[in-house]
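Here is a short report on one structure. Look at the sequence and the 3D view first, then read on.

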Amino acid sequence: MTATDARPARAPEAPPGPPGDATPEAILVRGVSLTYGGETPVHALADVDLTVQQGQFASLVGPSGCGKSTLLRVLAGLAPPEAGPGVEVRVDGQDARERPGLAAFKPQRDLLLPWRRTLGNAALGAELSGIPRAQAREQARTLLGRFGLEGFERAWPAQLSGGMRQRLALLRTFLAPRRVLLLDEPFGALDALTRRDMQEWLQEVWTEDQRTALLVTHDVEEALMLSDVVFVMSHRPGRILARIEVDLPRPRGLETTASAEFGALKAEVLRTLAAGRSPGSTQP
Amino acid sequence: MRRWTWRYAPAGVFLLGVVALWQAAVEVFDIQPYLLPGPGRVWTAFLEVRGVLPGHIRTTMTEAVLGLAWACVAGAMTAALLAGFAPLRRAVYPLLVISQNIPMIVMAPLIVVWFGFGIMPKVLVVALIGFFPIVVSTTDGLLRAEGDLVELARSYGAGRLQVLRTILIPSAVPAFFAGLQISATYAVLGAVIAEWVGASSGLGLFITRSQTAFRADRVFVAVVVIAAVSILLFAMVHLAARLAMPWQYAQHTQAGALTETPTRSNASSRKDVR
């Protein structure tokens, strides 16, 4: 089941947005290391290699504090990796090092602007990308239903529930005219039931959208439910321990999670995670 | 309505008690009216001068509002500069704090000497008084804008100006109004002080005239009017804050009543299990 040459079942289609000088890799990371300075330097990433093909849904799984979010911030152009020969960070074919704005980034917190209503928040990413305000809001309006926010156009973020806030933050991310989505634990703060609903919903929305996505999570089931490929990361400093392909049929639902293949994949991810924790492979 | 009554009834009763005690004291101890007039006498004085009061009120209010407006413009712009350039902030901020220890009552005559007896020096005094709380509060608000929000905007490729417009300025609006409310409470006082020095109209002039005529009752009228006008100005600022920050006053009870809307109801594909 794993490490086969089988490509994901879905054929990568032309993603929305202007046709740039598209390479097959939507996300390309080579030899990325990063140490946070300060009084006690934190070695967050160690020589990370990772590629995600155009149109794939990829997940990054690892223990808390392993540098998953840091890697996403590197890809978002917000954290510069250490320089070195052969170091590459490419998003949609372009060098993303210290160049924000190439991917649509959804940080862990929903980060809705308290002074903007639902529509204004949804349109923020599109607006900052240069789409005229009215047009951005019109796009947002057409997608409100799809994101379960119908009837809440004029609500302030403080008036929305936790799940709605996360969906709104995702809508903001999806509305940014980018071909790569970077999603950092979008459902981390939600209760288990809401979380499960949201995963199935995200799967549907993404299937219609066909954009490349890289999801950070520490929930193995979530990663397997949603992804074409799962990258398992070690404890800090984060390295990629394994690349596991998930070619389970879509749409995946409760039945999928009960299947034997799913169980085997889950066991493999967990085994890899455990191996990454064993003495010798981590620092204290 | 009932809740309002209950909220303000104690203060009203207390105030009435104080006024009654004041009247009683003046009568029992037979205090001379030029020293301390009783409330009854103050009321009579009010009826005497009510014809000339509106003109004075208009003058003072104009000075206060114009001064506050200038304080807002200058304060907000200075705050943006101070927040944007750290070296400037380090150079200017201590001086700003020290300048607050210069008593306006000393500065007012000088300002009148420099700028004449028109409305301009009064507006300037009010603006100088109002400037400081607005600068301090707004600078603080700009600097405290949430780093994560700034980073989010940057992740969409926003430049410095876009970050300022979409994140920093809206974040600082509550702090700006907090400063403005403090400034507003001092604005009328500032105008009155400036009018003492020399004016042809205004509540400050009215007080000076009443004092030189030993009309303590009229001074008391002015005191009450100044208090009322200050409250009015404060209420205006409060209203402006409400209009500028509707999200701060939105009903938050709705979130509790909200249940998760079933997203699947508008999902295209059918749910298989459950």
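Thr256(A) is partly exposed, because 18 other C-beta atoms lie within 10 Å of its own, while a buried residue needs 20 or more and an exposed one has 12 or fewer. The model is predicted. Thr256(A) sits in helix α7 of chain A, which covers residues 254-258. Which residues does Thr256(A) contact, leaving aside its neighbours within four places in sequence? They are Met225(A), Leu248(A) and Phe262(A). Glu268(A) is 12 residues apart from Thr256(A) along the chain, and their C-alpha atoms are separated by 16 Å.

Now step back to chain A as a whole. It has eight helices and 10 strands. Of its 284 residues, 49% are buried. Take the contacts in chain A with a separation of 6 or more: residues 24 or more positions apart account for 71% of them.

Next comes the sheet. Strands of a sheet pair through backbone hydrogen bonds, either parallel or antiparallel. In chain A, six strands form an open sheet with mixed pairing. Their order is β6-β7-β8-β3-β9-β10. The edges are β6 and β10 of chain A; each has a single partner strand, so one side of each lacks a neighbour in the sheet. On average, neighbouring strands of this sheet are turned by 15° against each other, direction ignored.

Some strands of chain A in this sheet:

| Strand | Residues |
|---|---|
| β3(A) | 57-61 |
| β6(A) | 104-106 |
| β8(A) | 212-217 |
| β9(A) | 229-233 |
| β10(A) | 240-245 |

Look at one pair inside the sheet. β3(A) and β8(A) pair in the parallel sense, over five bridges. Leu60(A) has Val216(A) in β8(A) as its bridge partner. A helix also lies across part of the sheet. Helix α8 of chain A, residues 260-277, lies across β3, β9 and β10 of chain A. It runs at about 175° to β10(A).

Finally, turn to chain B. Two packed helices are described by the angle between their axes and the distance between the axes. In chain B, the axes of α5 (residues 104-115) and α8 (residues 160-197) come within 9 Å and cross at roughly 55°. α5(B) and α8(B) are therefore oblique to each other. Their crossing is right-handed. Which residues make the contact? From α5(B) come Met104(B), Ile105(B), Ala108(B), Pro109(B) and Val112(B). From α8(B) come Gly190(B), Ile193(B), Ala194(B) and Val197(B). By class, this contact of α5(B) with α8(B) has eight nonpolar residues, one polar residue and no charged residues.

Conventions
Residues numbered from 1 in each chain as written. Chains lettered and ligands numbered in written order. Predicted model: local features only at pLDDT ≥ 70, side-chain atom pairs only at ≥ 80, totals over all residues. Axes fitted to C-alpha atoms, helices over the stretch in contact; angles between N-to-C directions. Helix = DSSP H or I, 4+ residues; strand = E, 2+ residues; numbered from the N terminus. Parallel < 35°, antiparallel > 145°, perpendicular 65-115°, else oblique. Left-handed = near helix turned anticlockwise from the far one by under 90°. Contact = placed C-beta atoms within 7 Å. Nonpolar A, V, L, I, M, F, W, Y, C, P; charged D, E, K, R; others polar. Pairing = 2+ DSSP bridges.
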